[in-house]
Amino acid sequence: MSYTELSGKPDFTRIQKDVLKFWKDEKVFEKSVEKENKGEIVFYDGPPFPTGSPHHGTVLVSFIKDMIARYWTMKGYSVPRVWGWDCHGLPIENQAEKVLGIDNKHEIDSDIGRFNDACFDIVSSSNEAWRKYVEQMARWVDYDGAYKTMNIGFMESVMWVFKQCYDKGLIYKDYRVTPYCMKCETSLSISDTRESDSTRPRQDRWVIVKFKADIEVEGKPVFFLAWTTTPWTLPSNMCLAVGAAINYSFIQVGDEIYVASTDTIPMYEKIFGNEPVTVKKSHGSELAGINYEPLFPYFAKYKTQGAFKVVTVDYVDSKDGVGIVHTAPAFGEDDYWTCKKHGIPFVNPVDAGGRFTEDVFDFHSKDDPKNVIDTNSSIVRHLYASGKAVQDGTMEHNYPHCWRCREPLIYRAMDAWYFSIEKIKDRLLAVNEEINWVPETVKHGRFGNWLENARDWNISRNRYWSTPMPIWVCDACSEQVVLGSIDDIYKASGVRMTDLHRQFMDEVTFRCKKCTGTMYRIPEVLDCWFESGSVTFAQKHYPFENKEWFESHYPSDFIVEYTGQIRCWFYYMHVLSVALFDKPAFKNCIVHGTILAGDGKKLSKSSKNYSDPMDLMLKYGTDAFRLYMYQSNAMLIGDLLFSDSGIPEMYQSILLPFWNACNFYISYANIDKFHPGELKEPNSDN
C-alpha cells in the first residue's frame, strides 16, 4: 500500500470545496447529530437580524460556536444546533419604511397590515443571502430548520411567558421618563441605549442662562446661573437643583449678582472677569426654597402651585457646569423624581414626533415642524435677545442614539409597561453564581455589575412589527385581561387565530365580564428583546409542545456571543428564566470580544472599512481565516484590530508547514514501504 503524493503547492480553496460537497452529499452533520453515544449537549444559538450580510464579528462567533460543538461531537455526544432569526423590531421596520416610502407613523397607522406584510417580505427574502456565508464558513448548523421569532408557535410561547410574568406581579404600567426615539416614535429601554454604536460622539450646543431670583443682595437683583447641553428643555424648566453641602458664591457683575458654585467660577472669566467680586457665600441648603421668575412665560401659572423654586438634591456636582442644575420633569429621570419628591407641577410640551406643542408657541410651527433638538439654536438666540443668556458654545460628548435608525434620542415622560427587575434582583444575583462565565471575570464584573445596577425594564413599544402585548382593556370600566395562548383568545372571543401579528390581534374584541363594555387590545407591542429572551422556551413552542423534552434539557449547556450581549441577550434570557423557573437559562457562557477595523474604528458598511468575509474565505481558504481569528485577543473578550494580511500569515506560518510535513511523511513512507498499522500505539507524555 502506498500513499498518494501531494502537490507541492496546496490549493486549499479547491480542497475546501470538495470537503463541503462531501459533507452535504453524505449528510455528515445530520449523522453526527443522530449518533448519540454519551448523551446530548444543548446549545442555544442567538438569533441575528436577517438584514445585509454577515460581517467579521458574525464570522468569529460562528467559528467559536462551531469549534465547541465539534469538540463535544468528537467526545461522543450529540450536539443539535438550530439556526435562529430575530425577525421583529426596528431594524426590519426601518427597512420597510424605506421600501414603502414612509416617513411618519401616521401613514403606517392607516394600514398596519400593508406595513407588516412588507416587513414579512423583507425577512422572508433576506435570510437566503446568509446561507452561502454559513456554508462557506464550514459551520455545521440546521439552517433550514431555523426558528423564527415571527412564527405563530414562537409568538404564542412569548405570549405565555408574558402572562406568566404578569400573573406573578412582575409587569406594571407607569408614567415616567424613558429613552425615546423621535423618528421611530417609540420608547426604548436603558439596554437599548447601551447597544453597540448607540452611544456615539455628537456636537451639541451648550448655554449658561440666568434665572432672576425673588431676592436682592445689597439692593441688587440676584440671578441663579444654570448650564445645559439641552437648550430645548429650558421652556419646560420647573425648578433649579443645588447640592446641600456645596459652596456657592454671589458674584457681582455690573449691576447684577450671579450665583454659581464656588469651584466653577474660575472656569468662566468671560462671565465673572479675571478678579471676581464676591459679595456673599452660602451653602446649597441655604438657597433651598428661594423662588425665581420663569425663564419663559408658557407655564408661569404654576408658580403659585410650587414651581420655580430652588431645591436640594444629591446628584449635583460642584465642578461641572456651574453647580446649579436646570430641571425639567418630563425630560430627565433625575428631573422627574426630583419634581415628584418636592411636589412640583409636571409639564410635557413635546408630542410623539418630538416637536413642541402649541403651549411653547415661540418654537411651535405647523408649516415648518422641527424636532426639539433642531430648535436649540433658535432657543439660544431667543435667550440672548431677552437678556437671559450669558455664555454659550459647542461641545463634543457621547450621546445616546437610536440603535437602529441612528437618530439622536431624547428622554421623554410617557406611559409605558415595565418589567419589575427590582422584585427579583436578589434572585438574579444569586442565580448568576450558578453560571460558569468564560472569562470568569464577567460573572462579578460586567454582568454582575449590570445586575447590581439594573433598573425596571421598559418592555412596551409604540410600534407594529413584533409580538403584540396580549392585554385587553374594557372601554367602559377599565377591567384588564391578559390572554396567554391561542386557546385563551378563542375562549374569550370565539376567534381562532392563525396569525398573531397586530393587524389580526387588533381586530379581536369581546364583551367585558365585569360590565357591558367591550374589551379592546392595547396598541403596544413587545420589545423584541423580550422575544429574544424567550428563545429558551419559544424555539420549542414550550409549554404547548415538547414539554417533557424541554424540562429535561433545561438549562442549556452553553451559549456564545460577543460582549455587547452581556447587557442584552444574556441579560434578558437570565431575567425571564429566573422569573419563570428560578434557574439560569444557561450553564456556561463564553463571551468573545469585538472586531474593529485596522484603525480601531467600528466596522461599518457605510464607510466600507472592511473586506467582504466571503472574498477572504474564497481567496485564502476558511481554515486560514479561522486560525487568524482563533489566535486573537477577541477569543476572550479582547478587541481585534482586523487586518486582511493576518489571514495569509496563518497560511504561511501554520497551514503550509503542516502541508509540507505531510508531504515529507508521504514521500519517505512510500520509499520505506511504511504503514502505521505495523506499529504499536505510541506512548508519550508530550
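In this predicted model, Asn116 touches Tyr464, Trp465, His501, Arg502 and Gln503, leaving aside residues up to four places away in sequence. Asn116 is found in helix 6. Its relative accessible area is 1%, and because buried means under 20%, Asn116 counts as buried. The side chain of Asn116 has two polar partners to look at. One is the side chain of Gln503, with which the side chain of Asn116 makes a polar contact at 2.8 Å. The other is the backbone oxygen of Tyr464, which the side chain of Asn116 reaches at 3.5 Å.

The protein chain has 24 helices and 26 strands. Its C-alpha atoms fill a box of roughly 110 × 70 × 50 Å, taken along the principal axes. Of the 686 residues in the protein chain, 53% are buried. Among the contacts with a separation of 6 or more, 77% are between residues 24 or more positions apart.

Two packed helices are described by the angle between their axes and the distance between the axes. For helix 4 and helix 6, the angle is about 110° and the axes are 9 Å apart. Since angles of 65 to 115 degrees count as roughly perpendicular, helix 4 is roughly perpendicular to helix 6. The crossing of helix 4 past helix 6 is right-handed. On the side of helix 4, the contact is made by Ile92, Glu93, Gln95, Ala96, Glu97, Val99 and Leu100. Helix 6 contributes Arg114, Phe115, Ala118, Cys119, Ile122 and Val123. Sorted by class, this contact has nine nonpolar residues, one polar residue and three charged residues.

Helix 4 itself spans residues 90-100, and its buried residues are Leu90, Pro91, Ile92, Glu93, Asn94, Ala96 and Glu97. What covers these buried residues includes helix 5 (105-109) and helix 6 (112-126). Just after helix 4 comes Gly101, which takes a positive phi of about 70°.

A second pair of helices lies elsewhere in the chain. The axes of helix 8 (residues 152-167) and helix 16 come within 9 Å and cross at roughly 75°. That angle makes helix 8 roughly perpendicular to helix 16. Ile152, Glu156, Met159 and Lys163 of helix 8 meet Ile486, Asp487, Asp488 and Ile489 of helix 16. This contact has four nonpolar residues, no polar ones and four charged ones.

Both ends of helix 16 can be followed in the model. At the N-terminal end, Ser485 caps the helix, with a side-chain oxygen 3.4 Å from the backbone nitrogen of Asp487. Just after helix 16, Gly494 takes a positive phi of about 80°.

Is Leu483 buried or exposed? At 6% relative accessibility, Leu483 is buried, because the cut-off for buried is under 20%. Leu483 touches Met159, Lys163, Pro470, Trp472, Asp488, Ile489, Ala492 and Phe510, not counting residues up to four places away in sequence. Leu483 and Trp160 are 323 residues apart along the chain, yet their C-alpha atoms are separated by 8.1 Å.

Conventions:
Residues numbered from 1 in each chain as written. Heavy atoms only, no water. Buried < 20%, exposed > 50% of the residue type's maximum accessible area, 1.4 Å probe, protein only. Helix = DSSP H or I, 4+ residues; strand = E, 2+ residues; numbered from the N terminus. Contact = heavy atoms within 4.5 Å. Polar contact = N/O pair within 3.5 Å; in protein donor to acceptor, adjacent residues only side chain to side chain. Axes fitted to C-alpha atoms, helices over the stretch in contact; angles between N-to-C directions. Parallel < 35°, antiparallel > 145°, perpendicular 65-115°, else oblique. Left-handed = near helix turned anticlockwise from the far one by under 90°. Nonpolar A, V, L, I, M, F, W, Y, C, P; charged D, E, K, R; others polar.
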